[in-house]
Amino acid sequence: MPEYFIAAAICFVAGALQGCTGFGSALVAVPLMTLFLPAKLVVVVVTLMGLSINVVLCCQLRKSIDPAKVWPLFMGAVPGAVLGVLFLDSVNESALLAALGVGLVAYGLFGLLAKPKPITPRPQWGLAVGFATGAATAAISAGGPPTIVYVSLTDWPKDQAKATLVGFFTMTASLAVVGHALTGLTTTEAQCLSLLCLPSTLLGVGLGTLVYGRMSQDAFRKTLFMLLGALGVMMLARSL
């Protein structure tokens, strides 16, 4: 039972991070919670937590959500996920994680040091990024980076950038929750732990939202680059 309260504290930190940036809750929660809880249980709980966070953030950012930015990502993700599943057995997970990790660390440092000029992406880019996200999610359970890199490249105002991440991840998390329920992974224990962690998660989201409100556009982009670098380091660790 004490481990459940530790999980709630972890969810507070995870909620604060995602409330601030629009992503990253799994980055904190999964590696820490799997230290004392079964991996399958953690995946279900973190997915439910992520969905609850994203629903709250969608309500907060509803005026900034642009379907023209979100839907191409989702439409690309569906066939990408199908392809990822088909090639699941032939993928060298360690090699791919290592390559992605090196790329993300390099990109994060490049963004922080070189300060690349933001660009205005074309709609078809969203389809390609969504496809890559879906494929990576299905093949190696690491689909977030392509979308986060894509958003970090744009010249969108921070509210639109965060709203695009939140809107897209709400859709993908919803599909994952349904999949877990249909395959029997959403056990009574997972539901109880998710409910126990919900108040602390929402408190964390509230704190993260307050911090986000005080961030400038430049600070928000720097935060994205730093977290992408951190995500790259974690992928390198997973590949070893």
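The model is predicted, so local features need pLDDT of at least 70 and side-chain atom pairs count only at pLDDT 80 or more, while totals for chains, interfaces and linings use all residues. Residues are numbered from 1 along each chain as its sequence is written, and side-chain values use heavy atoms, with hydrogens and water left out.

The secondary structure comprises 10 helices and 0 strands, where helices (H or I, at least four residues) and strands (E, at least two) are DSSP runs numbered from the N terminus. The radius of gyration, taken over C-alpha atoms, is 17 Å, close to the 18 Å given for 240 residues by the globule rule (2.2 Å times the number of residues to the power 0.38), so the chain is as compact as a globular protein of that length. Along the principal axes, the C-alpha atoms fill a box of roughly 50 × 45 × 30 Å. Of the contacts (heavy atoms within 4.5 Å) between residues at least 6 apart in sequence, 84% join residues at least 24 apart. The chain exposes about 11600 Å², of which carbon and sulfur atoms supply 73%; accessible areas come from the Shrake-Rupley method with a 1.4 Å probe, and for residues only the protein chains shown count as cover.

Helix α2 (residues 25-33) has Ser-25, Leu-27, Val-28, Ala-29 and Met-33 as its buried residues. These pack against α1, α3 (39-60) and α10 (217-239). In helix α8 (residues 158-182) lies Ala-173, which is buried at a relative accessible area of 11%. Leaving aside residues up to four places away in sequence, Ala-173 touches Thr-47 and Leu-51. Ala-173 and Gly-184 are 11 residues apart in sequence, and their C-alpha atoms are 16 Å apart in space.

Helices α1 (2-21) and α9 (188-213) each supply at least two of the patch residues, and α9 gives the largest share, 3 residues. Leu-203, placed in α9, is exposed, with a relative accessible area of 59%.

The count of disulfides (pairs of cysteine sulfur atoms within 2.5 Å) is 0. The sulfur of Cys-11 has that of Cys-197 as its closest cysteine sulfur, but the separation of 3.8 Å is too far for a bond. Both residues are buried, Cys-11 at 0% relative accessibility and Cys-197 at 2%.

The count of salt bridges is 2, a salt bridge being a side-chain nitrogen of Lys or Arg within 4 Å of a carboxyl oxygen of Asp or Glu. In one, Lys-69 pairs with Asp-66, the closest N and O atoms being 2.9 Å apart; Lys-69 is buried at 16% relative accessibility, whereas Asp-66 is partly exposed at 24%. In the other, Lys-222 pairs with Asp-218, with closest N and O atoms 3.3 Å apart. Lys-222 and Asp-218 both lie in helix α10, 4 residues apart, about one turn of the helix. Lys-222 is partly exposed at 34% relative accessible area, and Asp-218 is partly exposed at 42%.

Notes: Buried means under 20% relative accessible area, exposed over 50%, partly exposed in between (1.4 Å probe, protein chains only).
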